[in-house]
Amino acid sequence: MVKIASSTQTERRGNSEELADEGEEAEFKPLTVAQAQAWRQNNPQASPWRVLGLQAGVGVLMVLLTGLVTGDAAMAASVAWGSVAVVIPAVVFVRALNRQMRRTQPGSALVGLMVWELVKIALTVALLLVAPKVISNLSWFALVASFVVTMKMYWLAMALGWLQQKSKPTIF
């Protein structure tokens with residue numbers, strides 16, 4: 001068994017070569033204005049509305065395919081309700097998120113973000129609980145399958161790079 005010697009924080013701060021060997025940063029260096037602008041241009045922000053559009057589009061596609069393949073309206077309605085239970089709460093959340101981003105106080109924006117996330121979860125649960133009353137002959141399997149596919153669609157979009165806006169080339 002190998003015994004590792006302990007060291008205090010003050011001993012570790014004293015030698016920057018040891019910190020570099022351990023893979024730790026010696027100190028934080030903020031970006032300059034030019035570096036920050038270059039970083040923003042190379043890493044554009046993904047729009048949440050693009051995610052919602054993709055999720056809604058996949059939901060519509062699943063409903064159409066289910067209707068064409070099975071010919072069962074109740075099955076297609078179950079698939080539609082599963083997608084709606086994802087998209088509608090997400091729309092509410094994104095609208096609220098856009099309003100929260102305008103706040104100047106980070107603390108209140110964070111609290112608002114958490115509150116609206118709870119609203120989104122509550123709305124999703126409510127839509128799922130109401131589904132048997134709205135759709136006769138509800139297929140829970142179809143509803144849950146479309147719910148999961150619709151919700152996880154943004155992972156595929158991120159993996160394929162569909163969500164990133166193409167940055168415009170600059171000439172220096």
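Helices here are DSSP runs of H or I at least four residues long, and strands are runs of E of at least two. Keep that in mind while touring this predicted model.

**Whole chain**

Start with a cartoon view of the protein chain. It holds seven helices and zero strands. Read from the N terminus, the order is α-α-α-α-α-α-α.

Now color by burial. Of the 172 residues in the protein chain, 25% are buried. The accessible area is about 12,800 Å², and carbon and sulfur atoms account for 65% of it.

How far apart in sequence are the contacting residues? Take the contacts between residues at least 6 apart: 72% of them join residues at least 24 apart.

**The α4 and α5 pair**

Select residues 48-70, helix α4, and residues 73-100, helix α5. Their axes lie 9 Å apart, and the packing angle is about 175°. Angles over 145 degrees count as roughly antiparallel, so α4 is roughly antiparallel to α5.

Show side chains at the interface between them. From α4, pick residues including Pro48, Trp49, Leu52, Met62, Val63 and Thr70. On the α5 side, the residues they meet as a group include Met75, Val79, Ser83, Val87, Val94 and Asn98.

Next, go to the loop between α6 and α7, where α7 covers 140-160. Two residues deserve a stop.

Select Asn137, which sits in this loop. Check its backbone: phi is near 55°, a positive value in a residue other than glycine. Is Asn137 buried or exposed? Asn137 is exposed, because its relative accessible area of 65% is over the 50% cut-off.

Now step to Ser139, in the loop between α6 and α7 as well. Ser139 has a relative accessible area of 16%. Buried means under 20%, so Ser139 counts as buried.

Which residues does Ser139 touch, leaving aside its neighbours within four places in sequence? Display Met75 and Ser78: Ser139 is in contact with both.

Methods: Residues are numbered from 1 along each chain as its sequence is written. This is a predicted model: local features need pLDDT of at least 70, side-chain atom pairs count only at pLDDT 80 or more; totals for chains, interfaces and linings use all residues. Side-chain values use heavy atoms; hydrogens and water are left out. Buried means under 20% relative accessible area, exposed over 50%, partly exposed in between (1.4 Å probe, protein chains only). Contact means heavy atoms within 4.5 Å. Accessible areas come from the Shrake-Rupley method with a 1.4 Å probe; for residues, only the protein chains shown count as cover. Axes are lines fitted to C-alpha atoms, for helices over the stretch in contact, and angles run from 0 to 180 degrees between N-to-C directions. Angles under 35 degrees count as roughly parallel, over 145 as roughly antiparallel, 65 to 115 as roughly perpendicular and the rest as oblique.
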